[in-house]
Protein chains: 4
Amino acid sequence: MSLEQLREEVLEANLEIVRRGLVLYTFGNVSGIDRERGLVVIKPSGVPYERMTCADLVVVSLDGAPIEGDLRPSSDLPTHLVLYRSFPSIGGVVHTHSRYATAWAQARREIPCTGTTHADYFHGPVPVTDPMTDEEIAAGYEHNTGLVIARRFANLDPVTIPAVLVANHGVFAWGKSAADAAHNAVVLEEIAHVAAQAAALGGLFPISQALHDKHFQRKHGPAAYYGQK
Amino acid sequence: MSLEQLREEVLEANLEIVRRGLVLYTFGNVSGIDRERGLVVIKPSGVPYERMTCADLVVVSLDGAPIEGDLRPSSDLPTHLVLYRSFPSIGGVVHTHSRYATAWAQARREIPCTGTTHADYFHGPVPVTDPMTDEEIAAGYEHNTGLVIARRFANLDPVTIPAVLVANHGVFAWGKSAADAAHNAVVLEEIAHVAAQAAALGGLFPISQALHDKHFQRKHGPAAYYGQK
Amino acid sequence: MSLEQLREEVLEANLEIVRRGLVLYTFGNVSGIDRERGLVVIKPSGVPYERMTCADLVVVSLDGAPIEGDLRPSSDLPTHLVLYRSFPSIGGVVHTHSRYATAWAQARREIPCTGTTHADYFHGPVPVTDPMTDEEIAAGYEHNTGLVIARRFANLDPVTIPAVLVANHGVFAWGKSAADAAHNAVVLEEIAHVAAQAAALGGLFPISQALHDKHFQRKHGPAAYYGQK
Amino acid sequence: MSLEQLREEVLEANLEIVRRGLVLYTFGNVSGIDRERGLVVIKPSGVPYERMTCADLVVVSLDGAPIEGDLRPSSDLPTHLVLYRSFPSIGGVVHTHSRYATAWAQARREIPCTGTTHADYFHGPVPVTDPMTDEEIAAGYEHNTGLVIARRFANLDPVTIPAVLVANHGVFAWGKSAADAAHNAVVLEEIAHVAAQAAALGGLFPISQALHDKHFQRKHGPAAYYGQK
């Protein structure tokens with residue numbers, strides 16, 4: 001994939017989270033990475049989505065050095081970079097404050113798996129980070145946000161649980177590509193919404209491990225049979 | 001009705017559940033059956049609705065043998081087939097994870113009849129299945145989903161209660177045709193939404209049997225007087 | 001106003017409740033009355049809104065005798081007629097199952113006045129009827145629905161409280177005209193939604209009588225100063 | 001900025017709150033002020049947004065004397081004027097009954113800061129006024145609404161907390177300009193919605209002061225680094 005194609009995919013993924021109702025104004029951001037070249041393409045900070053073009057996207061190295069672009073990158077760039085370094089197999093990262101997922105994050109509750117759509121995409125509860133310490137906030141805040149997420153995944157697999165709730169903040173999701181990350185963020189918002197309603201109806205019954213595995217594997221396992229070959 | 005007409009009706013019913021907001025991405029599926037020929041037409045697996053055409057639909061026999069179509073059928077096909085075999089009078093089946101109905105399913109609660117729109121369409125509570133056992137999940141999962149539904153209807157009439165909540169999963173609805181099944185799925189989501197709000201307001205007062213019967217009969221009984229003759 | 005103009009206003013009011021999201025499919029209906037001629041114009045039963053024209057509307061006398069139109073009138077016509085006879089100053093009636101107002105109706109709770117928009121339109125709580133008896137349901141159900149509403153308004157002024165929740169059923173709203181009735185039904189749904197959220201947040205604090213009166217009077221009183229002269 | 005430009009900005013801000021779903025019918029209103037000339041431009045009362053033009057806007061002096069325009073100004077004008085006089089640095093005022101913010105107002109609860117979007121815009125909880133007394137309501141109601149708000153801000157900074165909930169009523173928001181005020185009103189509705197859902201999930205954990213300050217300062221402080229330079 002050329003850098004130009006990556007720019008187009010990242011732009012499209014940024015627009016997708018707008019179309020799906022995950023972001024308000026200029027909130028939210030998506031990036032994608034070219035692992036071979038070690039280049040990250042990310043949304044610029046505070047530019048309206050309606051007039052964003054591929055040329056507005058910012059290209060940086062994996063340690064954040066500016067490579068291309070006249071605009072400032074998203075202020076959340078350091079979080080994206082930590083995630084790319086911590087999770088070597090991911091190709092795209094999304095940050096949103098989508099409504100229901102953020103409500104869970106503000107309530108500091110992980111989203112338990114109580115439904116098969118959750119199981120299709122997340123092989124376990126969607127975890128919530130610890131609240132950040134004053135020290136973590138004071139200096140290098142966005143970088144530390146990434147570290148707090150990475151720490152939360154010390155014993156979790158980011159490939160099979162491709163999102164996290166940052167306490168009192170919002171969502172980071174990721175995937176094989178920018179498009180895949182955006183897709184996971186959209187699904188996360190949907191399962192957060194349904195689970196919130198189920199909770200309101202008095203019940204969050206975890207699905208059985210067998211059902212959880214079945215749904216995840218039929219979509220992602222070696223013998224997956226969802227979708228076309 | 002020709003097979004081509006059935007394809008068109010099934011395509012249209014698939015698009016209807018998208019337009020009505022019942023599905024996200026490629027989730028959900030609708031099928032229709034030609035009882036005379038013993039042929040079932042169903043949505044292909046994982047194909048975006050925006051570019052789905054009649055030619056993409058898959059035709060199978062009532063025992064699932066492929067008849068026409070190059071694409072894989074929906075992975076939920078075996079559930080549809082069990083329903084067609086168990087409920088001989090139905091002509092269409094819909095599967096969705098529509099938001100509020102799924103919340104009830106995740107809370108493992110049947111939807112009690114507390115309103116007249118519910119009574120217009122469902123002659124009793126909308127039932128919820130038992131959770132599936134590990135054995136039922138391990139092999140023949142989609143087929144067994146159908147059997148679990150059929151078992152739940154051992155003492156219920158699928159004609160007067162044309163939908164079910166599958167515990168921790170979602171909705172199967174059906175009807176005289178694919179269009180009718182989609183219509184029932186849309187109404188189910190609406191009544192699930194209203195009932196959830198009524199529950200939040202502290203009250204789920206079942207309507208009286210007389211009112212329940214009145215509404216169902218004025219729409220579906222032999223002396224129905226709703227709509228045009 | 002000619003009968004043709006009344007037909008146009010009634011059609012427009014029917015379409016307005018669709019545009020505002022108060023109705024699903026063919027649910028809901030609006031009528032208007034020509035008091036001089038004693039003629040009521042109402043939506044036909046079960047005709048899709050998308051292709052409804054003025055010619056589809058049904059004209060009946062105040063006792064329900066058919067005057068013009070080939071289609072069956074809405075099955076709720078008898079309720080409309082009782083309301084026109086019981087409340088001589090109203091010019092239009094709307095029936096909906098709009099989501100949040102219906103949730104209150106299903107919870108059998110009146111909507112208390114806890115906000116100024118409520119006060120702008122309804123000079124007191126929006127009342128809920130008694131559940132109907134089996135006898136009232138068995139024969140003349142729609143007619144009796146009207147009587148149950150009229151009975152609920154024995155000590156209420158339908159001009160200053162232009163809507164009611166019918167227990168386990170939905171909404172009837174009315175107004176000076178069909179357009180005004182539709183407007184009141186839309187506002188009712190909005191205040192039902194806000195009040196449900198306020199209830200969820202733990203508080204339904206009735207506004208003071210002074211504030212209630214102030215808002216109602218600045219919009220409807222003899223010295224009203226809202227809007228243009 | 002010419003008066004004509006101010007009219008255009010005020011019209012645009014009025015339309016923005018409609019597009020963002022904050023207002024129903026003719027509810028809500030936005031004004032802007034030209035501090036040099038001492039002129040306030042405000043929406044007329046009760047005119048449909050769909051056909052509102054710059055020429056319909058009303059221009060008054062800071063003490064409410066009519067300067068330009070044939071239409072009556074919004075009945076809430078006196079509240080706007082008190083806010084402009086009490087908060088000398090603001091350039092625009094918005095009044096809405098947006099759904100979730102109004103639910104908090106009806107529940108008479110301030111919105112605690114439990115998320116970073118809240119922290120980005122409001123440097124503290126969004127306060128709620130005291131209920132108004134019968135005397136405040138009886139005469140000079142809209143003027144007194146302004147005074148009640150100003151009193152609530154006796155020890156708060158309207159620049160860093162640019163909105164208030166008026167008990168049992170709705171929202172007043174403000175900002176550097178009419179556009180900025182509308183933007184703040186839109187964000188307020190979003191954070192009110194998310195906080196309501198977080199409350200429903202059982203937790204309103206205030207964010208730490210360090211995180212609150214960090215987010216507010218990175219957007220508004222002297223060393224702000226959000227957006228483009």
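## Symmetry

Copies are superposed by least squares on the C-alpha atoms of residues with pLDDT of at least 70 in both. The model is predicted. Chain A can be laid on chain B by a turn of 90 degrees, with a shift of 0.0 Å along the axis. The RMSD is 0.0 Å. That is the relation of a four-fold axis.

Which residue of chain A comes closest to the rotation axis? A200(A) does, with its C-alpha at 5.2 Å.

## Overall build of chain A

Chain A holds eight helices and seven strands. Its C-alpha atoms fill a box of roughly 50 × 50 × 35 Å along the principal axes. The radius of gyration is 17 Å, which agrees with the value near 17 Å for a compact globule of 229 residues.

Of the 229 residues of chain A, 63% count as buried. Among contacts in chain A with a separation of 6 or more, 63% join residues 24 or more positions apart.

## Surface and charge

The accessible surface of chain A is about 8300 Å². Carbon and sulfur atoms contribute 53% of that area. Chain A carries 19 positive and 25 negative charges, and their mean positions lie 5 Å apart.

## Helix α2 of chain B

Helix α2 of chain B spans residues 77-86 and is mostly covered. Seven of its ten residues are buried. These are L77(B), T79(B), H80(B), L81(B), V82(B), L83(B) and Y84(B).

What covers these buried residues of α2(B)? The cover from chain B includes the strands β1 (29-34), β2 (39-42), β3 (58-61), β5 (92-96) and β7 (170-175). Helix α6 (141-152) of chain B is also part of that cover.

Key. Residues numbered from 1 in each chain as written. Chains lettered and ligands numbered in written order. Predicted model: local features only at pLDDT ≥ 70, side-chain atom pairs only at ≥ 80, totals over all residues. Heavy atoms only, no water. Buried < 20%, exposed > 50% of the residue type's maximum accessible area, 1.4 Å probe, protein only. Helix = DSSP H or I, 4+ residues; strand = E, 2+ residues; numbered from the N terminus. Contact = heavy atoms within 4.5 Å. Rg over C-alpha atoms; globule rule 2.2 N^0.38 Å. Areas by Shrake-Rupley, 256 points an atom, 1.4 Å probe, with all protein chains shown as cover. Lys, Arg positive; Asp, Glu negative; His and termini not counted. Charge placed at Lys NZ, Arg CZ, Asp CG, Glu CD.
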